[in-house]
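Subject: Structure handover

Hello,

Here is the structure, ready for you to open. My notes on what was found follow below.

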Amino acid sequence: MMPRRQAPAVSKKRKYDESYISFGFVDSNGSPLCMLCSKLLPNSSMAPAKLRRHLETVHPESKDKNKEFLFVKRTVIESQKYDACNTNYQ
Ligand SMILES: [Zn+2]
């Protein structure tokens, strides 16, 4: 007897993957944060296809941005992030 209930959306959290940096996104408390427009997308958008679509539709000119540029930008954002909420770190 296994109750087959559908998992509520909140229980299946998507996880940030390092490769999402190439779409211009960083992890912000479990949600993808666009470094180009500082927009925080819902956790349900934490998927390569969705992140890429954001990049291609909102920032088509940044598609070919230098990866190095994104990494530098992330370093800046992360240093601020850890400053603000380092207790949240697992
Ligand atoms: Zn954006």
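**Fold and confidence**

Along the sequence, the protein reads β-β-α-α. That is two helices and two strands. Both kinds of element are DSSP runs: helices are H or I with at least four residues, strands are E with at least two, and numbering starts from the N terminus.

This is a predicted model: local features need pLDDT of at least 70, side-chain atom pairs count only at pLDDT 80 or more, and totals for chains, interfaces and linings use all residues. Residues are numbered from 1 along each chain as its sequence is written.

The mean pLDDT (the predictor's confidence in each residue, from 0 to 100) is 83 for the protein. Of its residues, 79% reach 70 or more. Among the elements, strand β2 (residues 31-34) has the highest mean, 96. Helix α2 (residues 67-85) has the lowest, 77.

**The hairpin**

Strand β1 (residues 25-28) and β2 run antiparallel, joined by four bridges. Strands count as paired if DSSP finds at least two bridges between them. F25 has C34 as its bridge partner in β2. D27 stands opposite P32 in β2.

Two residues sit between the strands of this hairpin. N29 is in that loop, between β1 and β2. Its phi is near 50°, a positive value in a residue other than glycine. N29 counts as exposed because it has 11 C-beta neighbours inside 10 Å. The cut-offs, with C-beta atoms placed from the backbone: buried means 20 or more other C-beta atoms within 10 Å of the residue's own, exposed means 12 or fewer, and partly exposed is in between.

In a regular strand, side chains alternate between the two faces of the sheet. In β2, P32 and C34 form the covered face. S31 and L33 form the uncovered one.

**The core**

How much of the protein is buried? Buried residues make up 10% of the 90 residues. The largest nonpolar core has five residues: F23, F25, C34, M35 and L51. Such a core is a set of buried Ala, Val, Leu, Ile, Met, Phe, Trp, Tyr and Cys residues joined through C-beta atoms within 7 Å.

Which residues does C34 touch, not counting those up to four places away in sequence? They are G24, F25, K39, L41 and H54. A contact means that the C-beta atoms of two residues, placed from the backbone, lie within 7 Å. Among contacts between residues at least 6 apart in sequence, 47% join residues at least 24 apart.

**Loop and helices**

S38 lies in the loop between β2 and α1 (48-58). Its phi is near 60°, again positive in a residue other than glycine. S38 is exposed, because 9 other C-beta atoms lie within 10 Å.

R52 is found in helix α1. It is partly exposed, with 16 other C-beta atoms within 10 Å. R52 and F25 are 27 residues apart in sequence, yet 9.5 Å apart in space, C-alpha to C-alpha.

F71 lies in helix α2. Why does F71 count as exposed? Because it has 11 C-beta neighbours inside 10 Å.

Regards
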